[in-house]
Amino acid sequence: MTLDVAVALSRLAHRLGGEGARLADAGRLSGGASMETWGFAIEGAGPREDLILRRRSAPFDPENARSVGLSTEAALIRATGARGAPVPSVRHVCDDADGLGEAYVMGRVDGETLGKRIVSDPRFDAVRGKLARQCGEVLAQIHATPPPPDLNLKTVDSVGELDRYEEVYRAVGAGRPILELAFQYLRKHVPESAELKLLHGDFRNGNLMFDQEKGLVAVLDWELSHIGDPAEDMGWICTNSWRFGRPDRPVGGFGDYADLLAGYAAAGGRPIDLARVRFWQMLGSLRWGVMCLTMYVSWRDGAEKSVERPMIGRRVSETEADLVTLLEQGL
Amino acid sequence: MITHPRTEELAEAVAVWIDQIRPSLDPRNAFLARVAAKAMATIGREITQGPAAEARAVAAMSDVLGRDGTYEALNAELCARIRAGEFTVETPGLLPALRIMAADRLAIDQPSYKPEGAPPPSS
């Protein structure tokens, strides 16, 4: 039986809004295979509240999942928000009484998350030049946040990451010389270990909300958060697959390395070498390439029959084209 | 082999039809239909460009490995020698060969993708 989210939201509006509160403007905003986002409002009892529900729509396996649970996500948003990072306000973490499964409610933030628009829409022309520096500043705030206790976040380092993705790559059985060379090259260039910090884990254009005047207004999608090398978050936003057609602007398709690094240092982050960011950027392309292969495999093995999966498999070639150039350039 | 229509023409016809019905679909299916139309376009490109791309890859890998062979055999040996550390970024001819192979694959899979190092749009 499918859960009637609108009915459950109506109950939730009463619970959160109190006497006289009612649900308004409820509608699904987006939905992937395992996560749904709903917009809704509470009216009637006080000032109108515009809210977002984020809920898991497929069973979650905490043992095997790379992602954290939604209550952990909410705790991370609260903790980083307390350090000044721009995040939505967490209004409520759902429990059994809500009947919504694993879910939480946050305040609605207005802005743009579509990477392509941030990179190329003239609406963002005026603010675009400031975004890389802001990303650096915000990463410094996130990395300065003490990991909330009891969350059992995974710790990831570069060698562990290479081992994990190489194991997945071998299991898939796709012979791809460029990926092989990238694994070998990165293993020879593993940077010295870093002081490990709380990372967002999926900090890229597409998971960030931007306002055309204020710039970065919210960091979203915390499900891959973990403990690791701060340069990992920086390398991921520089990975070309998230530059949306502007490879000439290495940070998210909107900015330059120097601004990202300067913003980070200015906001109190321990300065990071560009070579270290480039290591994680190359690992980012390799990681995305292996992830594309696993998308295909999930289709081949029947776990997921959507046509989207095998087509994402064909995106391996974008990472190969990027990796060849990075291998030519060196770190 | 078969013409009137050729395979890529069949793929094109299906892609056009998918695009025609797309506006009548719900958002999720409209998205998947767009993906399906792109898949048909990829099939069309692979049929028309694939044989030449494979021949170039075979020639490039043969040069690096110093022997002839099928695409599958050369690709497997190349992977094995890179994995074993015999071939590295310093190996003469390796990166140029890989660049040819990557560019040809990208032209089939995602011709609009702007890879690392590509110039900014001129407009």
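Read along the sequence, chain B follows the pattern α-α-α-α, and its tally is accordingly 4 helices and 0 strands, where helices (H or I, at least four residues) and strands (E, at least two) are DSSP runs, numbered from the N terminus. The radius of gyration of chain B is 19 Å, well over the 14 Å that the globule rule gives for 123 residues, so chain B is more spread out than a compact globule; the radius is taken over C-alpha atoms, and the rule is 2.2 Å times the number of residues to the power 0.38. This is a predicted model, in which local features need pLDDT of at least 70 and side-chain atom pairs count only at pLDDT 80 or more, while totals for chains, interfaces and linings use all residues. Residues are numbered from 1 along each chain as its sequence is written, and chains are lettered from A and ligands numbered from 1 in the order in which they are written.

The C-alpha atoms of chain B fill a box of roughly 55 × 40 × 30 Å along the principal axes. Of its 123 residues, 20% count as buried, a residue being buried if 20 or more other C-beta atoms lie within 10 Å of its own, exposed if 12 or fewer, and partly exposed in between, with C-beta atoms placed from the backbone. Among the contacts in chain B with a separation of 6 or more, 55% are accounted for by residues 24 or more positions apart; two residues are in contact if their C-beta atoms, placed from the backbone, lie within 7 Å.

Chain A has 11 helices and 9 strands. For its 331 residues a compact globule would have a radius of gyration near 20 Å, and the 20 Å of chain A agrees with this. Its C-alpha atoms fill a box of roughly 65 × 50 × 40 Å along the principal axes, and buried residues make up 46% of the chain. Of the contacts in chain A between residues at least 6 apart in sequence, 69% join residues at least 24 apart.

Two helix pairs show how chain A packs. Helix 4 (residues 125-143) and helix 8 (residues 257-266) of chain A pack at an angle of about 40°, with their axes 6 Å apart; axes are lines fitted to C-alpha atoms, for helices over the stretch in contact, and angles run from 0 to 180 degrees between N-to-C directions. That makes helix 4 of chain A oblique to helix 8 of chain A, since angles under 35 degrees count as roughly parallel, over 145 as roughly antiparallel, 65 to 115 as roughly perpendicular and the rest as oblique. Helix 4 of chain A passes helix 8 of chain A in a right-handed crossing, the term for a near helix turned clockwise from the far one by less than a right angle, whereas anticlockwise is left-handed. The residues making this contact include A:Leu139 of helix 4 of chain A and A:Tyr264 of helix 8 of chain A. By class, the contact of helix 4 with helix 8 of chain A has 9 nonpolar, 3 polar and 3 charged residues, where Ala, Val, Leu, Ile, Met, Phe, Trp, Tyr, Cys and Pro count as nonpolar, Asp, Glu, Lys and Arg as charged, and the others, Gly among them, as polar.

In the second pair, the axes of helix 7 (residues 230-237) and helix 9 of chain A come within 7 Å and cross at roughly 60°, and these helices are therefore oblique to each other. The crossing of helix 7 and helix 9 of chain A is right-handed. Helix 9 (residues 274-300) of chain A also holds A:Val290, which is buried, with 24 other C-beta atoms within 10 Å. A:Val290 lies 7.3 Å from A:Val168, C-alpha to C-alpha, although 122 residues separate them in sequence.

Two exposed aspartates have a positive phi. A:Asp25, in strand 1 (residues 22-31) of chain A, has phi near 55° and is exposed, with 12 other C-beta atoms within 10 Å. A:Asp150, in the loop between helix 4 and helix 5 (158-172) of chain A, has a phi of about 70° and is exposed, with 7 such atoms within 10 Å.

Finally, the two chains meet in a contact that takes 28 residues from chain A and 32 residues from chain B. Helix 11 of chain A gives the most to the side of chain A that touches chain B, with 10 residues.
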